[in-house]
Amino acid sequence: MMRMMMSGEEVLIPDDRAFSRFKHECQSEEGWSLTYNKNNICVWIQVLEEEKSLHKIKCRMMCKDIPAETMYDVLHDIEYRRKWDANVIETFDIGKLTVNADVGYYSWKCPKPLKNRDVITLRSWLPMGNDYIIMNYSVKHAKYPPKKDLVRAVSIQTGYLIQRTGPTSCTLTYLAQVDPKGSLPKWVVNKSSQFLAPKAMKRISKACLRYPEWKQKHSPGFKPWLFPEQNPLSNIPMSELSIQHAESLENIDESSLSESKDERAEHSDDEANN
């Protein structure tokens, strides 16, 4: 799907067709294998290149007590993300492109002993009736080159589809095709689908339940994703961006690394607590 937007080297802002294609892929079952299904959360995997651990992952969560609007706010609110997202190392906005597209930086912790990753992405969003979509793909910006201590990953296509199912209920679908750069061990893909993805979904739902109270105390009227005139970011000329191709980044071979004991212990504790 992203191939269309990434034809050649030109960075393009997604149009309505790109959003529709993303929604279609979120809802499509074809080619996906269900790997997890419990507590209103399902996870599917699509293996693209076995030897490089390149895969797509899709998670869906039914939320009975979270309005779609709250979910949309939480996924947008960068200040709040720093509070609830335990995997975040650093995240900030770089600049805006249009009223519904910007460029940002995000780095996150990977399961030990893997190296941590980061990305620069062009993110765009669109409310569509009862649905909301937020999606991104990787771009390059000269002022933010890869860092020594992190592996620069590539988001080929990542995003969220939020669907209103009632006044205070919604369904969240997360779809990601990320090239983590390098060869990852098999346990990483298994762990991400069996454990990390469901855990991340649960964390989002908890964050949503706490958001109204938190937001009340932190600039309650400030929602630049809904009110573009509030956006403090400066405009970035498109000419400063180029497509981030996986091939141009250093390949890291982590395929022989085994999961650290601490990670395994944490994993079993979490299962016990759920």
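1. Helices and strands here are DSSP runs, at least four residues long for a helix and at least two for a strand, numbered from the N terminus. On that basis the protein chain has six helices and eleven strands. The model is a predicted one.

2. Some totals for the chain as a whole. Of its 274 residues, 53% are buried. Among contacts between residues at least 6 apart in sequence, 65% join residues at least 24 apart.

3. Strand E1 covers residues 33-38 and strand E2 covers residues 41-49. E1 and E2 run antiparallel and are joined by five bridges. One of the pairings to look for is Ser 33, whose bridge partner in E2 is Ile 45. The hairpin of E1 and E2 has two residues between the strands, and Asn 39 in this hairpin takes a positive phi near 50°.

4. E2 also pairs with strand E3, residues 54-63. Eight bridges join E2 to E3, and these strands too run antiparallel. Glu 49 has Leu 54 of E3 as its bridge partner. As background, side chains in a regular strand alternate between the two faces of the sheet.

5. A lysine and a tryptophan come together as a charge over a ring. Lys 58 lies over the face of Trp 44, at 5.8 Å from the ring centre.

6. Aromatic pairs. The structure holds eight of them. One of them is formed by Phe 92 and Tyr 105, with ring centres 5.0 Å apart and planes at 20°. Planes under 30 degrees apart count as stacked, so the pair of Phe 92 and Tyr 105 is stacked.

7. Where do Phe 92 and Tyr 105 lie? Phe 92 is in strand E4, residues 88-98, and Tyr 105 is in strand E5, residues 101-108. The pair therefore ties together parts that are 13 residues apart in sequence.

8. Tyr 105, with a relative accessible area of 2%, is buried.

9. Tyr 80, Tyr 211 and Trp 214 form one aromatic cluster.

Methods:
Residues are numbered from 1 along each chain as its sequence is written. This is a predicted model: local features need pLDDT of at least 70, side-chain atom pairs count only at pLDDT 80 or more; totals for chains, interfaces and linings use all residues. Side-chain values use heavy atoms; hydrogens and water are left out. Buried means under 20% relative accessible area, exposed over 50%, partly exposed in between (1.4 Å probe, protein chains only). Contact means heavy atoms within 4.5 Å. Two strands pair if DSSP finds at least two bridges between them. Rings of Phe, Tyr and Trp (its six-membered ring) pair if their centres lie within 6.5 Å; planes under 30 degrees apart count as stacked, over 60 as edge-to-face and the rest as tilted. A charge sits over a ring if NZ of Lys or CZ of Arg is within 6 Å of the ring centre and within 35 degrees of the ring normal.
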